[in-house]
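I'm opening a notebook on this structure and jotting down things as I look them up.

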Number of protein chains: 2
Amino acid sequence: MSEEIKQRIDQLIRSDEEADAPLYPEVSDSMEPDQVALLLESLPREARAECWAQVPVEQRVDVLVEMRTEARASLLRDFDSQALDQLISDLDAETLIELAESLPEDVVDIALARMDERQREHYERSAQYDENAIGRYVDHQLLILPQNSRVRDAVRLLRRETPLFTQHLWLVDRTGRYAGAVETRALFGQPDHLPLIELEEDEFEPLQATRSLREATEAFEHAEVSALPVVDDSGRLLGRMTQTLALELLHEHYEGQLMASAGLDEEEDLFAPVMRSSRRRATWLGINLLTAFLASWAIGLFEGTLQEVVALAVLMPVVASMGGIAGSQTLTLIIRGLALGQISAANIMPLLRKELSVGGLNGVLWALVIGFVAAYWFSSPGIGLVIALAIVVNIAVAALSGVMVPVLLEKLKIDPALSGSVILTTVTDVVGFVVFLGLGSLFLT
Amino acid sequence: MSEEIKQRIDQLIRSDEEADAPLYPEVSDSMEPDQVALLLESLPREARAECWAQVPVEQRVDVLVEMRTEARASLLRDFDSQALDQLISDLDAETLIELAESLPEDVVDIALARMDERQREHYERSAQYDENAIGRYVDHQLLILPQNSRVRDAVRLLRRETPLFTQHLWLVDRTGRYAGAVETRALFGQPDHLPLIELEEDEFEPLQATRSLREATEAFEHAEVSALPVVDDSGRLLGRMTQTLALELLHEHYEGQLMASAGLDEEEDLFAPVMRSSRRRATWLGINLLTAFLASWAIGLFEGTLQEVVALAVLMPVVASMGGIAGSQTLTLIIRGLALGQISAANIMPLLRKELSVGGLNGVLWALVIGFVAAYWFSSPGIGLVIALAIVVNIAVAALSGVMVPVLLEKLKIDPALSGSVILTTVTDVVGFVVFLGLGSLFLT
């Protein structure tokens, strides 16, 4: 799969360099829309636009839907009004929901005006929910029957329509509220007149449209079904969510976390324009600069000591980095625990005890190693002693912060995966420098 | 969901403290096995063992299967031979595959001896595949028919057996090789004598048992089906893989990456014994110590300069940390690109150009800011100039390494998510210190 995409990229960019060769051959002949989307994202913007021109017209909407927002916007920006018009000529509600944020408002209005009434209704209902809510991503292709239907009604419906993933038929009451599910395979061999209600599944919980996407992926991890019904606050059946979408969302969630941990946006385009990319990253660098200056300030408190014992300046990175690494190990363990819902007021104390013990043991071990190396390097037992003490203290502080920083951030509703590590290393840097240089000024000057 | 688990943890640990209160009330009455597993993992080891005693006997195997290896082993270690005997009295192949690595070898043998022949065959076939191969996790609950069957045979089968997720019936040829799929809903309204082959789906690619789990989750992201057939090298149908499993595996994959980035194991128990936990983490700290000493060595080259211009020592963290952050932003973007298969020999150069431009712009911007702050702080335009130059160089080097380090690691078949960031920060630390102190010794002494 990804091997194939790599070869295409090679091929595409190479053909660009050999002027004789045909530009961008055979893009997307056998490729699925998501593969074409990945390929387009991986190309520099000019090559991307040219490659886009080769995407078969009937595949274009699907490809755009699969693309990350920023890369998609880079293509849509070049659309003239005719191309836009063609693009939106026949969208369903789910597709327009995906594309709406990348389209000018008036284009969205035109697309809406062209939809049939039912799709427009779907769109308007979905658009009420925010970007992180299940309701926004409801799939309307499902088989619904009144709850008093019989087997023959179900079979008639199944012969007519065939949406993907039809593992269940959904029953609703007269007001459209969700009333239960019948598995299609349960219909085999049943008499025509049997009420469907008698074949009803052990009820499973419908998803609430207002809940977060993360809750939907959790639900799918133990609901052994390929689609779950989605209901609004009054219990009305809005549609369904499929497991394929849940898989995609989980993927995006983790990708978002990875990117956020470096201060990047999940939708970041590999080939975003330099100016825009610089501006966005500048913020994260600026925040980090403040914390770096804080560390410098801490060191500045000991200028006199540093002048007298320059070995301290040489060894500073060792103290800071051992604290940072030990702390990030604890931090990562706790962030995972928080994500799994495994950390609560009650088990924090035993956890803290355990992490402090682990930190204590490793602190003493590495303090001995580092102490001897430093004492030998600078032929000074005093330096060895000072750095050994500083390492023990800093690794203990790291364990403490590794537990407390993410827990406090979570309490403040700040994602610890995003900012936990910046705060933690600021703590271990400042504490490390102050303790190390402080001890140095006490014992070595 | 996770809210519920939190409350249970609170309740469990609190009840431990109030001696009067009943110990561990109503654990797992309404809880699914995966929730019980999460709960058990979140408890300190003694509380865990006591809580385990409350888990209904009939749920125990399912709970153990859901637990992470290390936490599971902590429970199994306390099993006496009678309890083990009970545990393995009625296992199917999939369950034994999951539990085997946590059980003594002779216990696995007894469990195998008790299985019926078919399950034992399944087990032995699955056990041939390694931990990361699709073949190991094959699900054997599926409906298989000879390829010359007719609609009536399918309907008869469907009336008798009903495994979960039966969206398709699978067809095999006389030698057991995969021959196609028929969707159950396609059977409705078809004449009894119609050959199934005429209802065959647009063929979808079966999964190869030897391929990696990651490929399976990728396949599910665009195959709109709830289960895919798995075949061995000769095309024989081994069983199927369900989308629910794919979702679980994706979750584990990302959790593994998160943990690996801090040098931790995915199976790490929140309450692992202190000694074991310390020993495991010591390795990562040791590797990191070597890189820290490398940075110290670089600083040590300039002891004389530091003694003369102590401001350089104070400002060192700023140079190192700006390089580290800028580099990790590029690194993260490239790691994502590599994971998506979007980076190849051909687009590396344009990417490098872009990242160097972004780095250049941000380098100049922050060099100016930092230069002025430093010049003002130490009342020395020279210091301002030196740090500004060092920042520009280090951020450019960071951009270069951010692209090249993960690409080279990938070439060497080392996971860049695991070690990319250690190597990158070593580069930016060493380069940052050498350039900064080198310029300082040229211009300021």
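**Entry 1: a helix pair in chain B.** I started with helix α16 (residues 345-377) of chain B and helix α17 (residues 381-411) of chain B, whose axes come within 8 Å and cross at roughly 155 degrees. An angle over 145 degrees counts as roughly antiparallel, so that is how I'm noting α16(B) and α17(B). I also looked up the handedness: α16(B) passes α17(B) in a right-handed crossing. The residues of this contact split into 22 nonpolar, five polar and one charged. A reminder to myself: this is a predicted model.

**Entry 2: another partner for α17(B).** Next I took helix α15 (residues 310-339) of chain B, which packs with α17(B) at an angle of about 30 degrees, the axes being 8 Å apart. Angles under 35 degrees count as roughly parallel, so α15(B) is roughly parallel to α17(B). The crossing of α15(B) and α17(B) is right-handed. For the contact of α15(B) with α17(B) I wrote down 21 nonpolar residues, five polar and one charged.

**Entry 3: the sheet in chain A.** I moved on to chain A, where three strands make an open sheet in the order β1-β2-β3, with mixed pairing. Its edge strands are β1 (144-146) and β3 (178-183) of chain A, and each of them pairs on one side only. On average, neighbouring strands of this sheet are turned by 35 degrees against each other, direction ignored. I found helix α10 (residues 151-160) of chain A packed on the sheet, where it touches β1 and β2 of chain A. The direction of α10(A) makes about 155 degrees with that of β1(A).

**Entry 4: how the strands pair.** Which way do β1(A) and β2(A) run? They run parallel, joined by three bridges. P146(A) has V172(A) in β2(A) as its bridge partner. Strand β2 (residues 168-172) of chain A and β3(A) run antiparallel, with five bridges joining them. Along that pairing I picked out W170(A), which stands opposite A181(A) in β3(A), and L169(A), which stands opposite V182(A) in β3(A). β2(A) and β3(A) form a hairpin with five residues between them. In the turn, G176(A) has a positive phi of about 90 degrees.

**Entry 5: is β2(A) covered or open?** I'd call β2(A) mostly covered, as five of its five residues are buried. Then I checked which way the residues point: H168(A), W170(A) and V172(A) go one way from β2(A), while L169(A) and L171(A) go the other way. Residues on both sides are buried.

**Entry 6: one proline in chain B.** Last, I went back to chain B for P146(B), which sits in strand β1 (residues 144-146) of that chain. How exposed is P146(B)? Buried would mean under 20% relative accessible area and exposed over 50%; P146(B) has 43%, so I'm logging this proline as partly exposed. Setting aside its neighbours within four places in sequence, P146(B) is in contact with L171(B) and V172(B). I also looked up L196(B): it lies 50 residues from P146(B) in sequence, and the two are 9.5 Å apart in space, C-alpha to C-alpha.

Note on methods: Residues are numbered from 1 along each chain as its sequence is written. Chains are lettered from A and ligands numbered from 1 in the order in which they are written. This is a predicted model: local features need pLDDT of at least 70, side-chain atom pairs count only at pLDDT 80 or more; totals for chains, interfaces and linings use all residues. Side-chain values use heavy atoms; hydrogens and water are left out. Two strands pair if DSSP finds at least two bridges between them. Helices (H or I, at least four residues) and strands (E, at least two) are DSSP runs, numbered from the N terminus. Axes are lines fitted to C-alpha atoms, for helices over the stretch in contact, and angles run from 0 to 180 degrees between N-to-C directions. Contact means heavy atoms within 4.5 Å. Buried means under 20% relative accessible area, exposed over 50%, partly exposed in between (1.4 Å probe, protein chains only). Angles under 35 degrees count as roughly parallel, over 145 as roughly antiparallel, 65 to 115 as roughly perpendicular and the rest as oblique. A crossing is left-handed if the near helix is turned anticlockwise from the far one by less than a right angle, and right-handed if clockwise. Ala, Val, Leu, Ile, Met, Phe, Trp, Tyr, Cys and Pro count as nonpolar, Asp, Glu, Lys and Arg as charged, and the others, Gly among them, as polar.
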